[in-house]
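Subject: Structure handover

Hello,

Here is the structure I promised you. Please open it first, then read my notes below.

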Amino acid sequence: MNKTLTTIFAVAVASVTAASHGQEVKGDPQAGGRKIAMCIGCHGIPGYQASFPSVYKVPKISGQGGKYIASALDAYRKGDRQHPTMRGIAESLTDQDIADVAAYYEASGHDASAAPKAGHEAAGQVADLIKRGACVSCHGQGFAKPIDPSYPKVAGQYPDYLYAALRSYKAGTAPRVGRSNGVMAGVAKQFSNAELKVLADYIGSLDGDLKTVPQPRFRSG
């Protein structure tokens, strides 16, 4: 099963690369900084919680890979991701807007001098679940160095968001809550919700690049 999943992942990476070749829009981080007014009300407040379709902390996106952010926004725009608020925002964006916002968040909060921290190794049930899902085949060792830039860094992401995202892939095309992605759907459907939560809790406990950079207008004092 793991060999089959690894093959699927390799094909998916090749497909993404081929589809984007020659069509990539270059993002401008400074331009992106002028286009994030619709983002900061949620992603600029540490620990801010979404309340629909379920309650979880909105993801940390500062320090995330720009190509992943762009692919996620495009998926919301096309309806492959069903979250109503994110779909409404993404549908208002041009390709250039998406590239600029993605470039801004990739650069936001980046600290080139920060020394990498050693993660703790998975053991027991967690190790078995990671092996069964072939998770490192896409997300890389430590879940912080994905094998393709269109895949997300997930180490240190909020566990409740990771759990909600995994359940969304499991839900597939379900209105308002689903995410249509053949690779992730195949992975998530292998697991019970309890197992997905174990995975989410472990991945969220790891050290990574992701953070929420507070916006000045939301800082207290």
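Is Lys67 buried, partly exposed or exposed? Lys67 is partly exposed, with a relative accessible area of 42%. Keep in mind that this is a predicted model.

**Overall layout**

The protein has 221 residues, and 43% of them count as buried. Its secondary structure comes to eleven helices and two strands. From the N terminus, the order is α-α-α-β-β-α-α-α-α-α-α-α-α. Take the contacts between residues at least 6 apart in sequence: 72% of these join residues at least 24 apart.

**Salt bridges**

Side chains of opposite charge can pair when their charged atoms come close. The structure holds twelve salt bridges.

Back to Lys67, which forms one of them with Glu24. The closest N and O atoms are 3.7 Å apart. Glu24 lies in the loop between α1 (2-20) and α2 (29-33), and Lys67 lies in helix α4, so the pair ties together parts that are 43 residues apart in sequence. Glu24 is exposed, at 57% relative accessible area.

Next, look at Glu195 and Arg132. Their side chains meet in a salt bridge of 3.2 Å, N to O. Glu195 sits in helix α11 and Arg132 in helix α7 (residues 124-133), so this pair links parts that are 63 residues apart in sequence. Glu195 counts as buried, at 18% relative accessibility. Arg132 counts as partly exposed, at 31%.

Lys197 and Asp201 also form a salt bridge, at 3.0 Å from N to O. These two residues are four apart in helix α11, which means that about one helical turn separates them. Lys197 is partly exposed, with a relative accessible area of 41%. Asp201 is partly exposed too, at 36%.

There is also a network. Salt bridges that share partners join Asp74, Arg77, Lys78, Asp80 and Asp95.

**Aromatic pairs**

How many aromatic pairs does the structure hold? There are three. Here are two of them.

The ring centres of Tyr56 and Tyr161 are 6.0 Å apart, and their planes meet at 55 degrees, so the pair is tilted. Tyr56 lies in strand β2 (residues 56-57) and Tyr161 in helix α9 (residues 159-171), so the pair ties together parts that are 105 residues apart in sequence. Both Tyr56 and Tyr161 are buried.

Phe143 and Tyr202 form an edge-to-face pair. The centres are 6.5 Å apart, with 80 degrees between the planes. Phe143 lies in the loop between α8 (136-139) and α9, and Tyr202 in helix α11 (residues 193-204), so this pair joins parts that are 59 residues apart in sequence. Phe143 is buried, at 3% relative accessible area. Tyr202 counts as buried as well, at 11%.

**Charges over rings**

Arg167 lies over the face of Tyr163, at 4.4 Å from the ring centre. The charged end of Arg179 sits over the ring of Tyr169, 5.2 Å from its centre.

**Arg81**

Where is Arg81? Look in the loop between α4 (66-78) and α5 (84-90). Arg81 is buried, yet it has no salt bridge. The nearest side chain of opposite charge is Asp80, 8.1 Å away. Arg81 does have a polar contact of 3.1 Å with the side chain of Tyr169. Leaving aside residues up to four places away in sequence, Arg81 touches several others, including Tyr68, Tyr76, Tyr161 and Arg179.

Best wishes

Technical notes. Residues numbered from 1 in each chain as written. Predicted model: local features only at pLDDT ≥ 70, side-chain atom pairs only at ≥ 80, totals over all residues. Heavy atoms only, no water. Buried < 20%, exposed > 50% of the residue type's maximum accessible area, 1.4 Å probe, protein only. Lys, Arg positive; Asp, Glu negative; His and termini not counted. Salt bridge = Lys/Arg side-chain N within 4 Å of Asp/Glu carboxyl O. Polar contact = N/O pair within 3.5 Å; in protein donor to acceptor, adjacent residues only side chain to side chain. Contact = heavy atoms within 4.5 Å. Phe/Tyr/Trp six-rings, centres within 6.5 Å; stacked < 30°, edge-to-face > 60°. Lys NZ or Arg CZ within 6 Å of the ring centre and 35° of its normal.
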